[in-house]
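Subject: Structure for you to look through

Dear colleague,

Below is the structure I promised to pass on to you, and after it you will find my notes on what was found. Please keep the model open while you read, so that you can follow each point in it.

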Amino acid sequence: MTDTPSERPRQSIKPKWVRGPQDFIGGIVLVAVALFALWASDDLQGMHGFTFGPGTAPRMFAVLLLILGAGVAITGVVSEGPKLARYSWRGPLFVMLAIVFFAVAIRPLGLVVSGLASFLISALGTPETRWVETLIVGICLTIGCALLFPYVLGLPMPLFPRFLVQ
Amino acid sequence: MADLFHNLFLGFGVAVSPVNLMLCLIGALVGTLVGVLPGIGTIATVAMLLPITFGLPPVGALIMLAGIYYGAQYGGSTTSILVNIPGEATSVVTTLDGFQMAKQGRAGPALAIAAIGSFIAGCAATVLIAVLGAPLTKLALAFGPAEYFSLMVLGLIFAVVLAKGSVLKAIAMIVLGLLLSMVGSDIETGASRMAFNIPELADGLGFATVAMGVFGFAEIIRNLDTGAEMDRELVQQKITGLMPTKKDMMESLPAIFRGTVLGSILGILPGGGAVIASFAAYTFEKKISREPQKFGRGAIAGVAAPESANNAAAQTSFIPLLTLGIPPNAVMALMVGAMTIHGIVPGPQVMQKQPDLVWGMIASMWIGNLMLIIINLPLVGIWVRLLRVPYRLMFPSIVVFCAIGIYSINNAPVDVVLAGAFGLVGYWLIKHEFEPAPLLLGMVLGPLMEENLRRALLISRGDWSVFVTRPLSAVLMAAAAGLLVLAVLPTLRRKRDEVFVEG
């Protein structure tokens, strides 16, 4: 399940009866994940006789999660709890961009290009980055990794862009 | 007895080969190197460094991992003492007196006593593993599927009790982990479960992938929230006088021994004894001390006891893993991940079929401990300098290193994206105060639990009472239930107190 939760702070619109929004939303999301899992494992065969089918255990855990998630959500209703934490967008955005870029680029462009580029993209994640030192460290790290992984550790991966090698 | 020496001899024979010594040394060094970096705990360190052991033969890989583990733990203690940032839960208590000592200019003795205490504890625990290994393996043979299932329930409940915060939320995290572990092919029927026809999901979610996302990437994003320059209260004094005085030794030796005993016992229990061991050892020391007011103000016993206890526990927690094949905590779970990658299924069979591997690893734990003393203490100056590396340079390096590491596991770009997605999930979990460690444990135990539950019910012909009618299983279940009640009760009371205060 790779559904990425995308809750935004919603203190302003939260209803009065939710006293612990952090737990309330948390529980609701768990319930949603459980429901999703129940739907996703719907096609699997269940118990026949006393033999487990492939769907038995997933459904069992999903139902458990459903109950527990509901419990967490109820806690958020009946007892006072912390507010929703604030999410920032800059760090997550650029770190994720760097990761996705690396995944897309590693095969066609190789370790050197995609490593350095990812380094620079993720450095955008904070306003405090100073570009000269970042560039120097990035180059050093890329060289280090290019030596470490394929040569020292013997893990095969492309180093340079495909169109240059051919 | 002869068996014991034979086994240890065999182990040291494997571990002392030059190559394995080198691997252990490199592991301990690299582990400390990464573990010292602020904001990277033991689990994240082991997860990050897992890929660099892939190219090695199984024995070497495990020896190196053990070295990394100890190095990372020691790195955590170093940051606790020098910057007041515990790398992980087990070194939280160390900050109490360790950081005070550092402020008084006695960081050297604090670091030294942490290492010496860990080493003494490690020696004792190594012997204990060797002594208990064989009998426990025999006990494991008496375990049927029902007993295994009950033991895992007990272990999970233990993990819940030890997680900080709400018990309900911790259980929810375990179940979420169990559910995530169901993704992929069913072991018995081969049916594809919740994989949505994505070929990369057919084998299930990679354990290292999830760990790296939830612990590595999520931590980075979280740290960026507060601005890259975390206010680090680094001790600025020069570290002088590394060696503890005679008085220090006299004060800490008894504490080390008590911590060792406490830690060894608590470590054997499944469910992450290391955390509780360090807390228990600290409280115990404070209770029996003639000058309890000194604790929290730089008492050396307050560093010695928890450090030796958590190391003893860390070591003895290998016992349930090696004899029963059940990882008692998240780090051990990663070790299982590493073993499976090398085609080893931990459990009693390994003890019998590959004794060189098991005993080699046990011996190398001891050597790893020794190396920490010999190498790390003289290098304290370097570790301190590492602490000053600004986060704005560190975090992109970690991102790239992790990305390359995950890619190298299966040469699969999809894994990298998945780890990123789990990074977001982990970030969300942190924001909602869900603990990620139980999730990881649930993920590892999921397939094992399903398999044993299946078998137990098949043998009992669908009769669920088998878990309470078989004596061994009943005892384990009762212990689990008792623990759960204990864990819930104080929360209930506290909640009630809060209500009263408000009323």
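Chain A has five helices and zero strands, where helices (H or I, at least four residues) and strands (E, at least two) are DSSP runs numbered from the N terminus. Read from the N terminus on, the elements of this chain run α-α-α-α-α.

Before going further, please note that this is a predicted model, in which local features need pLDDT of at least 70 and side-chain atom pairs count only at pLDDT 80 or more, while totals for chains, interfaces and linings use all residues. Residues are numbered from 1 along each chain as its sequence is written, chains are lettered from A and ligands numbered from 1 in the order in which they are written, and side-chain values use heavy atoms, with hydrogens and water left out.

Of the 166 residues of chain A, 46% count as buried; buried means under 20% relative accessible area, exposed over 50%, and partly exposed in between, with a 1.4 Å probe and protein chains only. Contact means heavy atoms within 4.5 Å, and among the contacts in chain A with a separation of 6 or more, 62% join residues 24 or more positions apart.

Chain B comes to 22 helices and two strands, and 62% of its 503 residues are buried. In this chain, residues 24 or more positions apart account for 79% of the contacts with a separation of 6 or more.

Helix H4 (residues 58-83) of chain B has 26 residues and should span 38 Å, and its end C-alpha atoms are 36 Å apart, which agrees; 25 of the 26 residues are buried, so H4(B) is largely enclosed by the rest of the structure. After H4(B) comes B:Asn84, whose phi is positive, near 65°. Helix H12 (residues 301-316) of chain B, with 16 residues, reaches 22 Å from its first C-alpha to its last, close to the 22 Å expected, and 16 of its 16 residues are buried. H18(B) is mostly covered, with 18 of its 20 residues buried, and B:Asn411, which follows H18(B), has a positive phi near 55°.

How do helices H9 and H20 of chain B cross? The axes of H9 (residues 207-225) and H20 (residues 436-459) come within 11 Å and cross at roughly 175°, where axes are lines fitted to C-alpha atoms, for helices over the stretch in contact, and angles run from 0 to 180 degrees between N-to-C directions. That makes H9(B) roughly antiparallel to H20(B), a term for angles over 145 degrees, just as under 35 is roughly parallel, 65 to 115 roughly perpendicular and the rest oblique. Among the residues that meet are B:Phe207 and B:Val210 in H9(B), and B:Leu439 and B:Met443 in H20(B).

Finally, please look at B:Asp248, which has its place in helix H10 (residues 246-268) of chain B and is buried, with a relative accessible area of 3%. Not counting residues up to four places away in sequence, B:Asp248 touches B:Arg106, B:Pro109 and B:Ile300.

With best wishes

Notes
The expected span of a helix is 1.5 Å times one less than its number of residues.
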